[in-house]
Structures are given as C-alpha cells and as structure tokens.
Amino acid sequence: MSTGDARSSGRGRPGGDGLAGELRHLAVDLAEEAGQLALAARRSGGAGRRSGLRTKSSGTDLATDADRAAEQLIRSRLAATRPDDGVLGEEGGESPGSSSLVWLIDPIDGTTNFVYDFPAWAVSVAVAERAGPDGPPRPAPLAALLGGAGRLLAGAVHAPVAGETFAASLGGGATHDGRRLRVDPGPLELGQALVATGFGYASSARRAQAGLLAHVLPAVRDIRRAGAASLDLCSVAAGRVDGYYEAGLNPWDLAAGLLIAVEAGAASRAIEGLPPGGPTLVVSRPGLAEPLAGLLAAAAAAADAHAAAGHNGR
Ligand code: IPD
C-alpha cells in the first residue's frame with residue numbers, strides 16, 4: 001500500500017463498536033497523522049544524523065526534533081478531542097488527567113532507525129484505563145510493564161515508510177490495514193521458530209542481553225532485531241515472526257503492540273529473573289509460549305554458569 005493510502009488504512013469493520021472501538025479509530029487517526037508529519041520531516045532532510053539530534057539515557061539513546069513534533073501533535077489533538085484524559089509520552093512525560101483513561105504515546109518507536117533512514121520505525125498510540133485502587137484489576141503478569149496504566153482498551157501502530165497500520169481494541173480483534181489478524185494457534189518447535197528481540201541502551205544491560213542471546217540463537221531458526229518494539233509485537237500478530245522477547249521496555253514502547261498481538265491471538269507473559277533483570281516481555285504464537293519460556297530460563301541459567309566460570313557475563 002502506498003503511503004498516501006495510509007491515512008484510512010487502519011480502519012475497517014473489525015475493531016468493535018462502543019468506547020473501545022471509538023478509541024481505536026482515534027488512535028489510528030493520531031498515529032497516522034503523526035507518522036505523516038515525521039515522514040515529511042525525514043524526507044525533507046530535516047531529520048537525520050545531523051539535525052536536531054540529542055541523546056537521552058545513554059549516548060546510544062537518541063531523540064530528534066521529529067520525535068518531539070510528532071508527540072506534540074498527538075498531545076494537541078488529544079487536548080482538543082479528549083481533554084480530560086491523561087497522557088504518558090516518551091518525550092513529554094506524564095500529564096495527569098481527570099478521567100479514568102491514559103494515553104501511552106511513542107511518537108517515533110525505532111528512533112535510531114529513523115535517524116539512519118532504516119525503514120523500521122513507527123508511531124505507537126495506545127489508551128488504557130488507569131490503574132489504581134479503585135480501578136479495574138490489572139492483568140497481573142504484565143502489570144509491571146504498563147506502569148500507571150491498567151487494562152489496555154485500544155491501540156494503533158503506524159509504520160509510515162511501509163504505509164502500514166496495525167490496530168486493535170479490547171475484545172474487538174486486531175487488524176493490519178483493515179484486514180483481521182489471526183495468529184496461528186498450532187504447535188511449533190523451537191528449531192522452527194523465528195524469534196525477534198531487542199536490546200536496551202545501557203552497555204551493562206546489552207552485555208547481559210548478549211549473554212542470554214548466545215544461548216538462544218543456537219536453539220531457534222533465527223533471530224531478528226528490527227529496532228522497534230512496537231513493530232516486533234505487530235510482527236508476532238502478523239506471523240512475520242513466531243515470537244518476541246525483550247526486557248527493559250517502557251509502557252509507551254509496548255502498549256499498542258501488545259494489545260494488537262494479544263487481540264490477534266498471541267500468548268503473552270512477563271518473566272522475571274532473566275538477564276539483565278526486571279520483567280521480560282515474551283509474546284508468541286500460543287504453541288511456542290511454553291518452549292520459548294523454557295528456552296529463556298535455560299539460557300539464563302547457562303549464561304549465569306558461564307559468568308560464574310569467570311567469563312564475561314552479567
Ligand atoms: C526502542 C526500540 C527498540 C527497543 C528499545 C526501545 P525507541 O524504542 O523499540 O527496538 O529495543 O528497547 O527503547 O527508543 O526507539 O523509542
């Protein structure tokens with residue numbers, strides 16, 4: 001599909017009616033509009049390795065003027081259409097709201113790709129019920145990954161270079177350019193599994209993640225590191241990879257893609273105790289969930305043993 005078609009591409013009947021369906025349509029509009037803004041900046045030469053580039057948590061964690069402009073656009077649209085909702089954005093942080101909803105925004109997920117003009121970057125927009133003592137119960141295993149957000153209601157991921165939009169609403173299914181997504185429910189052996197992953201920005205975390213990966217790679221068909229967590233999750237939903245795992249993600253990286261993958265039928269869990277620490281999000285075809293979790297646990301034990309034997313590890 002061309003980029004020009006993308007503005008209406010995430011719509012379509014699947015997605016459901018009611019509040020979640022309405023929120024899904026708004027998430028699609030916001031992601032597509034912000035994506036076109038970022039793409040225009042990219043194509044005008046106003047974004048790239050020399051323009052408006054700053055670093056954040058480490059020298060490898062980049063932010064551009066386009067990240068800020070795309071988030072600002074989404075925030076201003078939300079202020080006009082849903083002024084009572086809270087917003088949590090990668091660039092602008094948290095703006096509390098008075099309603100029960102919070103929007104989670106990654107204006108450019110895959111900023112390094114964006115800077116290098118590597119096509120795998122996306123705008124990720126999700127909306128969730130806020131977690132809290134009076135709120136609905138949070139899905140326990142994943143709660144730690146969602147910060148102050150509770151139940152995910154709707155989300156959209158728009159990849160401007162590919163002109164693709166993925167979207168979902170709670171109970172309403174997931175779509176790719178308006179077509180319903182269904183993850184293959186059948187069993188899959190590890191040796192036939194294409195597995196995506198990603199790495200953090202801190203050197204020490206990367207060393208630990210590489211130690212784990214050294215034990216995962218020999219056991220699977222192959223590994224993909226696309227550089228945008230939201231797209232990795234949509235790739236599970238679309239069957240482009242069989243599974244995905246990553247630690248250290250922020251709520252805005254994963255919220256929309258997680259809902260899309262789960263609504264497409266993927267299995268999801270957060271596993272504690274894997275390097276580099278904290279919860280690791282694991283999302284896959286249902287028939288791969290147990291083997292992949294087992295492999296990650298075995299890989300963590302092997303990485304620990306390797307480190308204990310005096311090799312470089314976590
Ligand atoms: C990053 C990307 C990357 C993942 C990192 C994220 P950003 O998001 O999703 O694939 O490995 O963990 O932080 O910084 O490009 O928005």
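Helices and strands are DSSP runs, helices of at least four residues and strands of at least two, numbered from the N terminus. In this predicted model, arginine 285 lies in the loop between strand E15 and helix H8 (289-308). Arginine 285 counts as buried, since buried means under 20% relative accessible area and its relative accessibility is 12%. Leaving out residues up to four places away in sequence, arginine 285 touches Val183, Asp184, Gly186, Pro187, Leu188, Val236 and Asp242.

**The chain as a whole**

The protein chain holds 8 helices and 15 strands. Of its 314 residues, 54% count as buried. Among contacts with a separation of 6 or more, 66% are between residues 24 or more positions apart.

In soluble globular proteins, nonpolar side chains tend to be buried together. The largest nonpolar core here has 44 residues, and Ile260 and Leu281 touch the most other members. Elements that give two or more residues to this core include strand E5 (101-109), strand E6 (122-130), helix H6 (229-238) and strand E15 (280-284). Helix H7 gives the most, with 8 residues. Another core, of 22 residues, lies apart from this one, and among its members are Leu26, Ala34, Leu78 and Ala167.

Setting aside neighbours within four places in sequence, leucine 281 is in contact with residues including Leu142, Leu145, Leu233, Tyr244, Leu254 and Leu258. Leu233 in H6, along with Ala229, Ser230, Cys234 and Ala237, belongs to the set that meets Asp253, Leu254, Gly257, Leu258, Ile260 and Ala261 in H7. The axes of these two helices come within 8 Å and cross at roughly 5 degrees. H6 and H7 are therefore roughly parallel to each other.

Helix H1 (residues 18-43) has 26 residues, which should span 38 Å at 1.5 Å a residue; its end C-alpha atoms are 38 Å apart, so the two values agree. Just after H1, glycine 45 takes a positive phi of about 80 degrees.

Helix H2 (residues 65-81) has 17 residues and reaches 24 Å from its first C-alpha to its last, close to the 24 Å expected. At its start, a side-chain oxygen of threonine 64 comes to within 3.1 Å of the backbone nitrogen of alanine 66. Alanine 66 is one of the buried residues of H2, as are Asp67, Glu71, Arg75 and Leu78.

Histidine 158 is placed in strand E7 and counts as buried, at 0% relative accessibility. Its side chain is joined to that of threonine 165 by a polar contact of 2.9 Å. Histidine 158 and aspartate 177 are 19 residues apart in sequence and 9.6 Å apart in space, C-alpha to C-alpha.

Aspartate 177 has a positive phi although it is a residue other than glycine, and aspartate 117 is likewise not a glycine but has a positive phi.

Proline 276 is in the loop between strand E14 (267-271) and E15.

Technical notes
Residues numbered from 1 in each chain as written. Predicted model: local features only at pLDDT ≥ 70, side-chain atom pairs only at ≥ 80, totals over all residues. Heavy atoms only, no water. Expected span 1.5 Å × (residues − 1). Buried < 20%, exposed > 50% of the residue type's maximum accessible area, 1.4 Å probe, protein only. Polar contact = N/O pair within 3.5 Å; in protein donor to acceptor, adjacent residues only side chain to side chain. Core = buried A, V, L, I, M, F, W, Y, C linked by side-chain atoms within 4.5 Å. Contact = heavy atoms within 4.5 Å. Axes fitted to C-alpha atoms, helices over the stretch in contact; angles between N-to-C directions. Parallel < 35°, antiparallel > 145°, perpendicular 65-115°, else oblique.
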